[in-house]
Amino acid sequence: MNKLKRVLLVLLGLITLVVFAAFIFLNSLTPTYEGEKEMDAISDTVQVYFDSYGIPHIYAANEEDAMRALGYVHAQDRLWQMELLRRAGSGRLSEIFGEITLETDKFFLSLGIDDHNEEALANLDSNHPSVVLANAYLDGINQFIEDGPTPIEFYLTGLEKQKFVLKDVYNAVAYMGFTFNKGARDIVNTNLLKVLDSSYTNELFANDPSKEIKIPVYRDSSIVELEAIQRRIASALDNLPIPEIYGSNSWVLAPEKTATGKVLFENDPHIAQAQPSVWYEAHLVTPNYEKYGYYLAGVPFPLLSHDRKMVHGFTMLANDDTNFYYEEQHPNDTTLYRFKDEWRKFEYVNKTIQVKDVGAVDFQYRKTHHGPIVNANHANRTRVEGERLVSMYWLFTQFENKLVQGLYGINHASDMQEFSKFLPNIHAPGLNVMYGDAAGNIAWWGTAKLYQMPDSTSTKFILDGANGDDEPVAYLSFEHNPKSINPPASYVYSANNQPDSTAGMYVPGYFANSSRRAGRIIDLMEAKKEGWTIDDMKRMVNDITLRTATDRIAGFLKDMEIEGLSTEQLAYLDVLKAWDGSFDLKSVGGLFFEKMGQNLHRNIFADEFSSKEEYLSYTVQLKLRKVFDNPESIWWDDVTTKEIKENRTQIVTRSFKDTWEQLTKELGGDHTNWTWDKAHYLEHDHPMGRVASLKKYFTVGPFPSSGTSGTLNNQGFRTMADGRYKVSSIPSTRRIVDFSDIENSISILPTGQSGNPLSKHYKDQAEMYVNGEFRKMMMNEEEIKSTSPHLLIFSPKK
């Protein structure tokens with residue numbers, strides 16, 4: 001017995017040592033928020049105060065020193081995120097994730113981002129301030145790589161840390177630019193024309209921009225092959241371990257509209273939910289420069305920022321900056337394609353992709369003058385008989401990449417006029433740039449390289465690449481881009497909706513439904529003509545009323561056949577009539593509305609397709625609003641019932657009953673329990689959380705979530721196998737800047753400042769975010785230094 005006790009004591013001691021060693025090891029991987037470190041190349045001491053949310057406030061003698069410190073602290077919180085972002089655009093994710101991301105890497109390699117940026121870097125002036133400061137930022141990242149702790153994700157994947165170079169910055173920016181792109185819908189549209197008769201598609205593609213709610217412009221002075229392309233692009237994006245851009249809101253109020261007589265500014269870019277948060281906040285202060293900014297991982301200049309004089313933000317313009325072309329291959333020589341009256345040589349590009357657990361995979365793709373071939377672009381792939389080649393023209397790679405210089409410029413401008421001079425550098429992706437300043441100016445610019453096409457040529461479908469008739473006829477100078485500066489309405493806004501006409505045309509694109517977010521912004525602005533406060537802005541950014549919901553419900557009920565409904569169902573109709581369109585957690589109408597909308601969509605559209613999978617592949621273009629208000633639409637008839645021609649009343653009634661049955665099955669027969677919180681939830685997914693055993697350590701949530709797709713608090717979702725709604729896109733920050741009290745402007749991140757799961761700032765804002773709360777964006781030096789719990793000092797290396 002004594003021997004057994006001794007053995008047990010020894011085992012207990014060993015276990016204690018292992019646990020203690022593990023604790024020490026894990027603790028060593030946490031970010032360093034205090035103490036003193038020597039840093040290469042800085043000329044003077046840099047003080048970094050971390051506030052109670054882990055946001056660094058960097059005080060330096062000059063901007064280069066500040067940027068080196070920024071690079072270091074950004075890396076210690078977000079190195080893994082930086083690693084993923086630089087690899088995505090250059091096609092190097094498979095080194096980490098293996099074959100699951102191989103097609104993704106092939107797709108991004110064929111876009112030519114890496115090669116295009118190589119050319120841009122060759123023409124850079126190494127003495128330009130944007131380059132000098134970017135390299136200082138990279139110095140800071142690389143010093144952390146050299147002497148800082150290795151983030152746990154590198155241990156789990158076995159990945160070796162590698163130094164960052166300037167091309168990584170350009171590739172990260174280019175990747176994010178592509179995620180703004182919605183041009184792949186051209187392929188969906190073209191395929192629909194092949195699948196359906198024109199009597200169906202005419203209604204879907206009828207489009208009159210003049211009938212949309214538009215952003216006002218104001219100036220003072222073959223089926224199989226197409227489905228394969230569609231699937232390839234969708235699959236490439238689905239497997240990305242980093243988020244895509246979806247849309248955004250912003251509104252800026254002039255002094256005439258506010259209670260204080262000073263500009264109020266709001267911006268909430270909508271991005272796929274993810275962990276860590278997309279943005280890293282940092283506040284830089286030198287004797288000649290101050291900026292509070294929101295940074296992408298590995299990018300030295302903030303995309304969103306403000307100081308004491310001006311503020312700017314972005315939303316997605318949603319212009320069509322990608323075109324697809326059918327290419328005509330020579331019948332006897334596969335190295336040639338036709339353009340007009342000549343046969344041109346394909347350009348062949350060979351790449352090698354390193355794939356974890358596989359090794360080197362050779363990859364070849366072909367290019368025309370339009371761009372890469374997006375089908376038949378796999379090495380050694382056999383071409384399907386009769387398959388037509390399709391190339392992709394992306395504006396980003398057609399012009400020099402000056403986006404980094406543009407970001408530097410707008411973050412160093414001294415006034416609105418100087419700010420606007422740098423905007424032409426942002427040629428792609430298309431952005432709505434929102435602006436306000438302490439002098440009382442407000443503005444909106446649509447930045448993009450806009451172009452004119454031949455009359456009657458629609459860029460919403462695959463174009464003819466051989467005859468030369470579908471080429472852009474002119475590229476517009478920036479002065480023709482849509483904009484609004486200090487308009488009479490005393491506010492500017494964007495909700496990814498169609499801008500008003502400019503240069504004699506409407507900007508082509510895939511714009512958001514203007515009757516939802518855009519209409520709601522206008523309603524609220526017009527309802528309160530003046531006297532706006534920061535509290536009004538807080539309520540508005542958290543608004544969860546779907547503007548179109550009550551009218552749509554009224555349309556449902558007007559067309560329903562009530563004969564045959566049960567007593568409970570008839571009573572529930574009164575509940576729906578009384579519902580105000582709000583998607584709060586205890587909403588009793590929201591869940592039924594969304595479920596019935598899905599069932600109605602299926603009952604209208606699915607019967608025209610050969611399978612459920614085919615129907616689902618086109619849902620992005622099958623717009624319920626295009627059909628619902630037309631009782632004579634051909635879509636109302638269910639073609640599977642040969643002896644009956646259904647009408648709107650029958651399909652709406654069927655959808656109501658389907659929804660009743662569905663919710664009864666999922667949540668029980670008591671309809672008072674059919675509340676929004678039972679189905680709609682937000683969970684912040686980390687790439688490592690895809691491994692089931694790691695999910696609880698990396699993924700944040702789930703949380704019941706208010707709002708829905710199309711509310712100002714935009715909470716787009718996808719339907720899961722259990723019928724619940726998992727939020728897929730969210731406001732990536734909610735940010736309000738008040739020039740009457742700039743030091744008390746407010747913001748929030750979806751989870752936290754740090755991407756390190758061992759940091760206390762990994763998820764310390766998550767509950768605040770779902771509750772619609774805010775925290776201060778601190779700028780007062782005395783307050784920062786007296787209240788910040790941590791101080792990290794960088795001193796010159798001796």
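Axes here are lines fitted to C-alpha atoms, for helices over the stretch in contact, and angles run from 0 to 180 degrees between N-to-C directions. This is a predicted model, in which local features need pLDDT of at least 70, side-chain atom pairs count only at pLDDT 80 or more, and totals for chains, interfaces and linings use all residues. Residues are numbered from 1 along each chain as its sequence is written, and side-chain values use heavy atoms, with hydrogens and water left out.

Helices (H or I, at least four residues) and strands (E, at least two) are DSSP runs, numbered from the N terminus. Helix α8 (residues 166–179) packs against helix α13 (residues 403–410) at an angle of about 90°, the axes being 10 Å apart. That makes α8 roughly perpendicular to α13 (65 to 115 degrees counts as roughly perpendicular). In contact, meaning heavy atoms within 4.5 Å, V169, Y170 and V173 of α8 meet L403, V404 and Q405 of α13.

A cavity is a set of points on a 1 Å grid over the protein atoms alone where a 1.4 Å probe fits but cannot get out; a pocket is an open set with protein on both sides within 12 Å along at least five of seven lines; lining residues have an atom within 4 Å of a point. A volume is the space filled by probe spheres set on the points. Twelve residues line the largest cavity, and V173, L303, L403, P429 and L431 lie nearest its centre. The elements giving two or more residues to this lining are α8 and α13.

The second largest pocket has 18 lining residues, with E347, K367, G371, T397 and Q398 the closest to its centre. In the table, Ala, Val, Leu, Ile, Met, Phe, Trp, Tyr, Cys and Pro count as nonpolar, Asp, Glu, Lys and Arg as charged, and the others, Gly among them, as polar.

| Space | Volume | Lining by class | Largest share |
|---|---|---|---|
| Second largest pocket | About 310 Å³ | four nonpolar, nine polar, five charged residues | α5, three residues |

**The sheet**

An open sheet of eleven strands with mixed pairing has the order β1-β30-β2-β3-β6-β7-β8-β9-β16-β17-β21. Two strands pair if DSSP finds at least two bridges between them. β1 (35–39) and β21 (483–485) stand at the edges with a single partner strand each, so one side of each is left without a neighbour in the sheet. Strands β3 (residues 56–59) and β6 (residues 280–286) run parallel and are joined by three bridges. I58 stands opposite L284 in β6.

Conventions:
Angles under 35 degrees count as roughly parallel, over 145 as roughly antiparallel, 65 to 115 as roughly perpendicular and the rest as oblique.
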